[in-house]
Amino acid sequence: MKHRQITVKSALLLLVLSLGLGQHAYAGSHLSRVSEMCKAELSAKYGSESEPVRIKFKAASGSQVSPRLLMQVLPLNGDSFKVFCNVDGRAWQVVSVEREDGLGNVQLVGARNNNMAP
């Protein structure tokens, strides 16, 4: 009887752990897709073929329905700056881009209606 209880507890623990890891993996892939959308939007907005920019992911906040990503734009010739990228997670569309100036003030820049089907 004791062996059966240990087996049931072990199976239950394994199930709980696997569900937790599955959700973590999904959240990571969701964040990766949203990050790639923002990088594409920012590359189009701040870079060009002759002067590409490097974009780094810094942080994420909000929910999967409306994530807000903080990205850093690093131009080849110029100072870097931070940008907030707001995404509609249901429509897979960049809703707005807000550029932060050197003083920490944020200004709305807009988005070019970048959308991706899931």
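How many salt bridges does the structure hold? In this predicted model, the count comes to 1 salt bridge. The partners are Arg68 and Glu98, whose side chains meet with an N to O distance of 3.1 Å. The pair ties together distant parts of the chain, with Arg68 sitting in strand 2 and Glu98 in strand 4 (residues 93-100), 30 residues apart.

Arg54, Lys56, Lys58 and Lys82 together make up a positive patch.

As for confidence, the protein comes out at an average pLDDT of 76, and 61% of the residues score at least 70. Strand 2 (residues 67-75) has the highest confidence, with a mean of 94, while strand 5 (residues 106-108) has the lowest, at 56. Then there is the stretch covering residues 21-27, where the pLDDT is below 50. Leaving aside near neighbours in sequence, residues 21-27 have 2 contacts in the model.

Terms used:
Residues are numbered from 1 along each chain as its sequence is written. This is a predicted model: local features need pLDDT of at least 70, side-chain atom pairs count only at pLDDT 80 or more; totals for chains, interfaces and linings use all residues. Side-chain values use heavy atoms; hydrogens and water are left out. pLDDT is the predictor's confidence in each residue, from 0 to 100. Helices (H or I, at least four residues) and strands (E, at least two) are DSSP runs, numbered from the N terminus. Contact means heavy atoms within 4.5 Å. Patches are made of residues with over 30% relative accessible area and no salt bridge: like charges are joined within 9 Å, nonpolar side chains (Val, Leu, Ile, Met, Phe, Trp, Tyr) within 5 Å. Accessible areas come from the Shrake-Rupley method with a 1.4 Å probe; for residues, only the protein chains shown count as cover. A salt bridge is a side-chain nitrogen of Lys or Arg within 4 Å of a carboxyl oxygen of Asp or Glu. Lys and Arg count as positive and Asp and Glu as negative; His and the chain ends are not counted. The place of a charge is taken as NZ of Lys, CZ of Arg, CG of Asp or CD of Glu.
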